[in-house]
Amino acid sequence: QQLDEILLTRLTNSTGNLLDDVELIKTLSSTKSRHDEVQKKFQTAAATREEIRHKREEFRAVATRGSILYAAIIDMTSISPMYQISLEKFSQLFVRAMAE
């Protein structure tokens with residue numbers, strides 16, 4: 001933002017040949033460098049966003065299996081109270097089910 005303002009000020013106040021204005025050339029160079037940095041960061045952010053989306057889709061199946069397993073175990077308590085289990089036991093069952 002600040003570089004843009006400086007650049008616009010230099011361009012509007014410049015008289016004569018633009019190539020003779022050393023400060024204007026430096027400002028243009030700085031603006032271009034900053035633009036390149038921002039572009040690289042945008043590309044990195046886009047790649048990271050895509051990687052996160054891909055990983056989220058990979059784990060969707062795991063989440064589905066976990067919710068089905070949890071619902072089945074919870075529903076077993078309606079058959080008999082002896083089927084009630086703790087969250088710790090459920091976690092152990094879940095890890096074992098994912099390993100298989």
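Biologist: What makes the pair D36 and K32 a salt bridge?

Modeller: A salt bridge is a side-chain nitrogen of Lys or Arg within 4 Å of a carboxyl oxygen of Asp or Glu. The closest N and O atoms of D36 and K32 are 3.3 Å apart, so the pair meets the cut-off of within 4 Å. This is a predicted model, in which local features need pLDDT of at least 70 and side-chain atom pairs count only at pLDDT 80 or more, while totals for chains, interfaces and linings use all residues. Residues are numbered from 1 along each chain as its sequence is written, and side-chain values use heavy atoms, with hydrogens and water left out.

Biologist: Where do D36 and K32 lie?

Modeller: Both are in helix α2, residues 22–79, and they are four residues apart, about one turn of the helix. Helices are DSSP runs of H or I with at least four residues, numbered from the N terminus.

Biologist: Why is D36 called partly exposed, and why is K32 called exposed?

Modeller: Buried means under 20% relative accessible area, exposed over 50%, and partly exposed in between, with a 1.4 Å probe and protein chains only. D36 has 33% relative accessibility, so it counts as partly exposed. K32 has 54%, so it counts as exposed.

Biologist: How many salt bridges does a search of the whole structure find?

Modeller: The search finds five. Among them is the one between E37 and R34, at 3.2 Å from N to O. Another joins R53 and E50, at 2.6 Å from N to O.

Biologist: What makes E37 and R34 partly exposed?

Modeller: The relative accessible area of E37 is 40%, so E37 is partly exposed. R34 has 42% and is therefore partly exposed. In the other pair, R53 is partly exposed because its value is 36%, and E50 is partly exposed because its value is 43%.

Biologist: Now to the packing of the helices. What describes two packed helices?

Modeller: They are described by the angle between their axes and the distance between the axes. Axes are lines fitted to C-alpha atoms, for helices over the stretch in contact, and angles run from 0 to 180 degrees between N-to-C directions. Helix α1, residues 2–13, packs with α2 at an angle of about 150°, and their axes are 10 Å apart.

Biologist: Why is α1 called roughly antiparallel to α2?

Modeller: Angles under 35 degrees count as roughly parallel, over 145 as roughly antiparallel, 65 to 115 as roughly perpendicular and the rest as oblique. The angle is about 150°, so α1 is roughly antiparallel to α2.

Biologist: Which residues of α1 and α2 meet?

Modeller: Contact means heavy atoms within 4.5 Å. From α1 the residues are L3, D4, I6, L7, R10 and L11, and from α2 they are E23, L24, T27, L28, S30, T31 and R34.

Biologist: How do you know whether T31 is buried or exposed?

Modeller: T31 has a relative accessible area of 17%, so T31 is buried. Leaving aside neighbours within four places in sequence, T31 is in contact with L3, D4 and L7.

Biologist: What makes α2 oblique to α3?

Modeller: The axes of α2 and α3 come within 11 Å and cross at roughly 135°. That angle falls among the rest in the definition, so α2 is oblique to α3.

Biologist: Which residues of α2 and α3 meet?

Modeller: V62, R65, G66, L69, Y70 and I73 in α2 meet F90, L93, F94, A97 and M98 in α3. They divide into nine nonpolar, one polar and one charged. Ala, Val, Leu, Ile, Met, Phe, Trp, Tyr, Cys and Pro count as nonpolar, Asp, Glu, Lys and Arg as charged, and the others, Gly among them, as polar.

Biologist: Why is M98 called partly exposed?

Modeller: M98 lies in helix α3, residues 87–99. Its relative accessibility is 28%, so M98 counts as partly exposed.

Note on methods: Helix = DSSP H or I, 4+ residues; strand = E, 2+ residues; numbered from the N terminus.
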